[in-house]
Amino acid sequence: MNADLWLPLPAGLVGLALGVPLTGLAARMLRAPRDFGWRVRLAASLATGVLFALLALGFGPSPELPAYLLLAAASVALSIVDVTEKRLPNPLLLATTVIVAVALVIAAAVGADWGAASGALLGGAALFALYLVLALISPAGIGMGDVKLAAVIGLALGYLGWDTWLIGLVAAFLVGSAISLVALALRRVSLRGSLPFGPSMLAGAYIAILVAVL
């Protein structure tokens with residue numbers, strides 16, 4: 001096996017295998033029971049597989065990799081719930097935040113990089129505070145689920161530095177704007193309608209993370 005693929009290839013395969021159980025996890029988080037079809041399961045598998053492979057390629061066998069793989073897996077389940085019911089379930093948000101925070105602290109301890117750990121904590125607090133202000137100003141556009149999601153995204157971005165944090169912030173709104181324009185063009189939403197913002201936040205975060213590590 002090519003040395004460059006010894007980690008990304010198996011990581012991608014693991015991600016592909018996780019697509020179905022992550023879809024099942026999302027289904028259990030719904031308020032209204034629903035059995036997702038094969039298209040959703042396939043999309044979840046492909047998204048998780050691609051993310052896992054790219055993260056493994058970027059981070060390599062580093063102590064940070066598990067934290068970002070865990071966030072990627074949670075991101076898929078959270079996105080499915082948000083697209084389906086326009087909400088982000090608190091139990092999954094809380095568990096993701098705690099697990100990612102602990103994994104990043106462990107990674108910082110292994111690498112003796114306490115600057116990265118403090119950056120993660122500051123980044124999480126800063127993004128949470130920013131989204132809280134936006135939610136108070138425009139509650140129709142930013143929900144409290146988005147505010148809570150901002151905390152864990154800020155942790156992951158802040159660990160990699162403030163440039164990555166800023167790119168993730170801007171990319172989220174660019175992705176959200178692009179999705180809104182496409183939805184309007186396809187008449188999937190009206191000018192007064194709203195789209196879930198969580199998937200855009202997560203997409204923006206991973207754009208920034210991959211720019212930083214690839």
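Which residues line the largest cavity?

Mentor: Happy to, and please keep in mind that this is a predicted model. The lining of the largest cavity is made by Leu127, Tyr131, Ile153, Leu157, Gly168, Leu169, Ala172 and Met201. Helix 5, helix 6 and helix 7 each give two or more residues to that lining, and helix 7 gives the most, with three. By type, the lining has seven nonpolar residues, one polar and no charged. The volume of this cavity is about 40 Å³, and the structure holds one cavity of 30 Å³ or more.

Now follow Met201, one of the lining residues, into helix 8, where Met201 is among the buried residues. Helix 8 has 16 residues and spans 23 Å from its first C-alpha to its last, close to the expected 22 Å. Of those 16 residues, 12 are buried, which leaves helix 8 mostly covered. The cover over its buried residues includes helix 2, helix 3, helix 5, helix 6 and helix 7.

Helix 2, helix 3 and helix 8 are the elements that give two or more residues to its lining. That lining has 20 residues, and Ala47, Val76, Ser79, Ile80 and Pro199 lie nearest the centre of the pocket. Pro199 is also one of the buried residues of helix 8.

Conventions:
Residues numbered from 1 in each chain as written. Predicted model: local features only at pLDDT ≥ 70, side-chain atom pairs only at ≥ 80, totals over all residues. Heavy atoms only, no water. 1 Å grid on protein atoms, 1.4 Å probe; cavity = no way out; pocket = protein on both sides within 12 Å on 5 of 7 lines; lining within 4 Å. Helix = DSSP H or I, 4+ residues; strand = E, 2+ residues; numbered from the N terminus. Expected span 1.5 Å × (residues − 1). Buried < 20%, exposed > 50% of the residue type's maximum accessible area, 1.4 Å probe, protein only. Contact = heavy atoms within 4.5 Å. Points joined across faces, edges and corners; volume = space filled by probe spheres on them. Nonpolar A, V, L, I, M, F, W, Y, C, P; charged D, E, K, R; others polar.
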